[in-house]
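Here is a short report on a structure.

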There are 2 protein chains.
Amino acid sequence: MDLQRKFGFQLKKKRLAMGLSQEALAERACLHRTYVGSVERGERNISLNNIVQLAKALQCKPSELLECFNDIE
Amino acid sequence: MDLQRKFGFQLKKKRLAMGLSQEALAERACLHRTYVGSVERGERNISLNNIVQLAKALQCKPSELLECFNDIE
């Protein structure tokens with residue numbers, strides 16, 4: 001799975017664990033709903049600032065959102 | 001310190017701990033030397049793909065590069 005899809009999968013997992021819709025997450029993170037959807041589908045090479053905003057909205061550490069890459073060589 | 005400068009500081013710390021020049025790190029990460037310099041100065045809202053490439057070049061986990069944000073509210 002490529003990096004962007006892997007990140008999108010991780011984001012969706014955290015979002016659903018919080019019981020949030022894409023719209024609710026987007027609102028918390030001050031991002032557009034369609035942007036959150038495109039990130040979850042792996043269509044975005046997301047930036048540092050947006051990673052941190054999403055982590056804040058999910059009440060997790062930004063580093064946690066990148067733990068899905070801990071096994072890559 | 002803003003997000004980009006905080007990341008840049010963390011990147012420089014990891015690079016120096018590896019005894020690498022900006023040029024050597026850039027070469028390992030398949031990025032341009034001037035780009036690595038601008039990230040370290042906090043001038044770039046770096047993307048996910050480049051974060052992962054730099055982590056690989058530094059032989060650390062991508063999540064480690066974002067640990068500098070663990071204390072932000």
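## Annotated domain

Residues 11-65 of chain A are 67% helix and 0% strand, and their end C-alpha atoms lie 7 Å apart. Helices (H or I, at least four residues) and strands (E, at least two) are DSSP runs, numbered from the N terminus. An unreviewed UniProt entry places "domain: HTH cro/C1-type" at residues 11-65 of chain A. UniProt annotations may be inferred rather than shown by experiment.

This is a predicted model: local features need pLDDT of at least 70, side-chain atom pairs count only at pLDDT 80 or more, and totals for chains, interfaces and linings use all residues. Residues are numbered from 1 along each chain as its sequence is written, chains are lettered from A and ligands numbered from 1 in the order in which they are written, and side-chain values use heavy atoms, without hydrogens and water.

## Symmetry

Chain B superposes on chain A by a rotation of 180° with 0.0 Å of shift along the axis (RMSD 0.0 Å). That is the relation of a two-fold axis.

## Salt bridges

The whole structure holds eight salt bridges over all chains. Each is a side-chain nitrogen of Lys or Arg within 4 Å of a carboxyl oxygen of Asp or Glu.

One of them joins E40(A) and R15(A) at 2.6 Å, N to O. E40(A) lies in helix α3 (residues 33-40) and R15(A) in helix α1 (residues 3-17) of chain A, so the pair ties together parts 25 residues apart in sequence. E40(A) is buried at 11% relative accessible area, and R15(A) is buried at 6%. Buried means under 20%, exposed over 50%, partly exposed in between (1.4 Å probe, protein chains only).

How values were computed
Copies are superposed by least squares on the C-alpha atoms of residues with pLDDT of at least 70 in both.
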